[in-house]
Amino acid sequence: MPAIWHWHDYRGRVRFRKTIPTLAAAALLLGACAPAPPEAGDDGEANCGFALPAMTSPQRVVTIKSAPAEAMLALGLGELLVGVAFLDGPLPPWLEGAAQDTVAAAPFSSGVPGLEATLELRPDLILAGWESNLTASGVGTREQLAGLGVATWVPPSACENPEHRTSPLTFEAVLADLSRLGAMFGAEEAAAALTAEMTARWEAAPRDGRGLTALWWSSGTAIPFVGGGDGAPQMIMEHLGLSNVAASLPERWTSFSWEAVLAADPDVLVLVDADWNTAAAKWEHLVTDPALSQLTAVRHQRVLVVPFAATEPGVRNAEAAEALAAQLTGLDFDAQ
């Protein structure tokens, strides 16, 4: 497989002090009809269409998925974390120091946590990477959790309904999410410093002017799951001057087909490296498949690698653009 690049990474509170019901009381509440969403207070707002109460500095925060956990650490708010769940991979080196002596170093659940395990941590706020993390089969719906005195927040860029998010995703929307999160915790200065550094790195990533096409392959072998035209992969590829062969599909992530990949024959393949589907495993599939091994990008090893956690909206998007641009510069396009 082409050499996997090493990453050179760069590098505040909604006080809902309601009493969390006991687990027995929680079970009774969830067994009854779910309460209506809370009315937004004078300073409240809607989040993915869900009315939030006015928020002033949470003190006990649970995160689900890497993006919100990494955002809290990057904003210097790691001491407020009482539980971290469903990390998509190891923390980047530049956040390892911030994670020391915090619960981020030891996730309490490898997947979406259950309600009881979460309530035992007595959170006043749950930060979820996606709305789909907040369901009755997992940690609970937003309405259920509100009835138990637990607030929830999803980055607006991750709202499922396109009417509630910036579509297609923009880097400005990612920065706005981080600024809003910082403001929730009184960490405006930290958010401003973080977004300024991210912006500098984003703008410094060189744009390729050769008109290259690319496919961003996240997972799946029988049916590839790829970056569509409305998410972080599209945002990053477009910024780097790459034309996404799946850009016509209006989803953030979507099922594609190998027939479509063969027909497009992209100049470059972006392989997502995840514990459950490594970049090395993807490369092995490409080179051993009789048809896929004939793709131009495979024959000439024009492959870029990106960690999964850097592929969702969050603090790693700028470093992903920077690292991918460096990898792209090192590819050989002389051989045909």
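## The sheet

Strand β5 (residues 125-128) and strand β6 run parallel and are joined by three bridges. Within that pairing, L127 has W153 of β6 as its bridge partner. Strands here are DSSP runs of E with at least two residues, helices are runs of H or I with at least four, and both are numbered from the N terminus. Two strands count as paired if DSSP finds at least two bridges between them. In general, strands of a sheet pair through backbone hydrogen bonds, either parallel or antiparallel.

This is a predicted model: local features need pLDDT of at least 70, side-chain atom pairs count only at pLDDT 80 or more, and totals for chains, interfaces and linings use all residues. Residues are numbered from 1 along each chain as its sequence is written, and side-chain values use heavy atoms, leaving out hydrogens and water.

The sheet is open and has four strands, in the order β4-β3-β5-β6, with parallel pairing. Its edge strands are β4 (81-85) and β6 (151-153), and each pairs on one side only. From one strand to the next, the twist averages 15 degrees.

## Helices on the sheet

Helix α2 (residues 66-74) lies across β3 (61-64), β4 and β5. Its direction is at about 135 degrees to β3. Axes are lines fitted to C-alpha atoms, for helices over the stretch in contact, and angles run from 0 to 180 degrees between N-to-C directions.

Helix α6 (residues 171-184) also packs on the sheet, where it touches β5 and β6. The directions of α6 and β6 make an angle of about 155 degrees. Contact means heavy atoms within 4.5 Å.

## Helix against helix

Two packed helices are described by the angle between their axes and the distance between the axes. The axes of α6 and α7 come within 8 Å and cross at roughly 160 degrees. These two helices are therefore roughly antiparallel. The cut-offs are under 35 degrees for roughly parallel, over 145 for roughly antiparallel, 65 to 115 for roughly perpendicular, and oblique for the rest. The α6 and α7 crossing is right-handed. A crossing is right-handed if the near helix is turned clockwise from the far one by less than a right angle, and left-handed if anticlockwise.

On the α6 side, the contact residues include F171, L175 and L178; on the α7 side, they include A191, L194 and M198. By class, this contact has eight nonpolar, four polar and one charged residues. Ala, Val, Leu, Ile, Met, Phe, Trp, Tyr, Cys and Pro count as nonpolar, Asp, Glu, Lys and Arg as charged, and the others, Gly among them, as polar.

Helix α7 (residues 188-204) also meets helix α12 (residues 317-329): their axes come within 8 Å and cross at roughly 25 degrees. The pair is therefore roughly parallel. This crossing is left-handed. M198, R201 and W202 of α7 make the contact with N317, A318, A321 and E322 of α12. Four of these residues are nonpolar, one is polar and two are charged.

A disulfide joins C48 to C159, with S to S at 2.0 Å. The cut-off is a pair of cysteine sulfur atoms within 2.5 Å. The link is left-handed, with -85 degrees about the S-S bond. It joins distant parts of the chain, 111 residues apart: C48 is in the loop between β1 (46-47) and β2 (50-51), and C159 is in the loop between β6 and α6.

Most residues other than glycine have a negative phi, and most peptide bonds are trans. The bond from S167 to P168 is cis, with omega near 0 degrees. P168 lies in the loop between β6 and α6. F86 is not a glycine, yet has a positive phi of about 60 degrees. F86 sits in the loop between β4 and α3 (93-99).
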